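Open the model in your viewer and switch to cartoon view. Keep the selection tool ready. We will go helix by helix.

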Amino acid sequence: MYARYLIGCCISEGLNTKQSHADAVVWYRLSADHGYAAAQAYLGTCFYDGLGVEQDYTEAVKWYKLSAEQGFASAQCNLGLCYEQGHGVLQNNIEAVRWYRLGANQGHGASRYNLGYCYEKGIGVTKNFEEAICLYIESAEKEYAPAQYVLGNFFATGRESLPQDLQKSFQYYYRGAENGHPAAQYKLALCYEQGIGIPPNVDEALLWYRRSAREGHVPSKIKVVLLTSAISGERSGLSSPESSTTSDQFEKMLQHLSSSDHICASPTDSNSSATSAITPRSYGSQRSMDDEDLEMMPTPKAILELGICYEQGKG
């Protein structure tokens, strides 16, 4: 069973062989049909995301449940998300919380984060911010980047019983950034650029803006242009009114584009948590902190049109 599952993993990731999700599904199913929990969880994600098979939420739930009932924490988390979203099952927040809690009790980072989100928002449980914070911290200690990012946001401004602490905010952004979270990388770069919780360091700021930009984060892409231009101008000793005006226009664009993503604000609203989403990462289909950010992210055409408006003074 394990060998078949492992072959599926290698084919899915293209390790020493041609990548093929369809072929990976064949091997996952061979293992899953013999009751191997990890293969069942992977197969569930394939059906959820339509990887190598036609997307089928009902089939995804079937395999997640088989795996979750064997105690596989990632499948418990994914099954909870399906119940919370009503994908493949009737929407049921209480059942979602039950599965999150089972995963959280095993120390699963995403499950603890999702359960914390439920306590923060009052989804399937009585709203309890203190409990939410405890779960976010436990999730962050498992190096779950979305939890680290959310804690960075909370400490940046202070929230209810949680006091503002810019150094802690920086530390959580740093950990989230190191774990590859684009929005955390952007916030970390802002900290370095503006000297928030850390002495200013423009070179470090540019490094993190570039890392975030490589992940497609639009405000980071604009910051790379602005900061690179500013550094070049300072080092050459050259400047002009035209370049200054252009820089100001870009800064206005950036403020507009990232108005929901400032250093002292949450990514989407005052509660700094986003909606659920299942992603095709390994077997861990987990809530992503950036889904609302991505939905709100402007297209290249929108950015161009906004730039023209600023250039022509429209609006």
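Predicted model: local features only at pLDDT ≥ 70, side-chain atom pairs only at ≥ 80, totals over all residues.

How many of its 13 residues are buried? The count is 12, so α3 is largely enclosed by the rest of the structure. Show side chains and pick out some of the buried ones, including Gln40, Tyr42, Leu43, Phe47 and Tyr48. Next, check the length of α3.

Move to α1. This helix has 12 residues and reaches 17 Å, close to the 16 Å expected. Color Tyr5, Gly8, Cys9, Ile11 and Ser12, which are buried. What do the buried residues of α1 pack against? They pack against α2 and α3. After α1 comes glycine 14, with a positive phi near 70°.

Last stop: select α4 and α5 together. Their axes come within 8 Å and cross at roughly 140°. An angle over 145 degrees would count as roughly antiparallel; these two helices are therefore oblique to each other. The crossing is left-handed. Show the contact residues: Val61, Tyr64, Lys65, Ser67 and Ala68 on α4, and Ala75, Gln76, Asn78, Leu79, Cys82 and Tyr83 on α5. Color this contact by residue type: seven are nonpolar, three polar and one charged.

Conventions: Residues numbered from 1 in each chain as written. Heavy atoms only, no water. Buried < 20%, exposed > 50% of the residue type's maximum accessible area, 1.4 Å probe, protein only. Helix = DSSP H or I, 4+ residues; strand = E, 2+ residues; numbered from the N terminus. Expected span 1.5 Å × (residues − 1). Contact = heavy atoms within 4.5 Å. Axes fitted to C-alpha atoms, helices over the stretch in contact; angles between N-to-C directions. Parallel < 35°, antiparallel > 145°, perpendicular 65-115°, else oblique. Left-handed = near helix turned anticlockwise from the far one by under 90°. Nonpolar A, V, L, I, M, F, W, Y, C, P; charged D, E, K, R; others polar.
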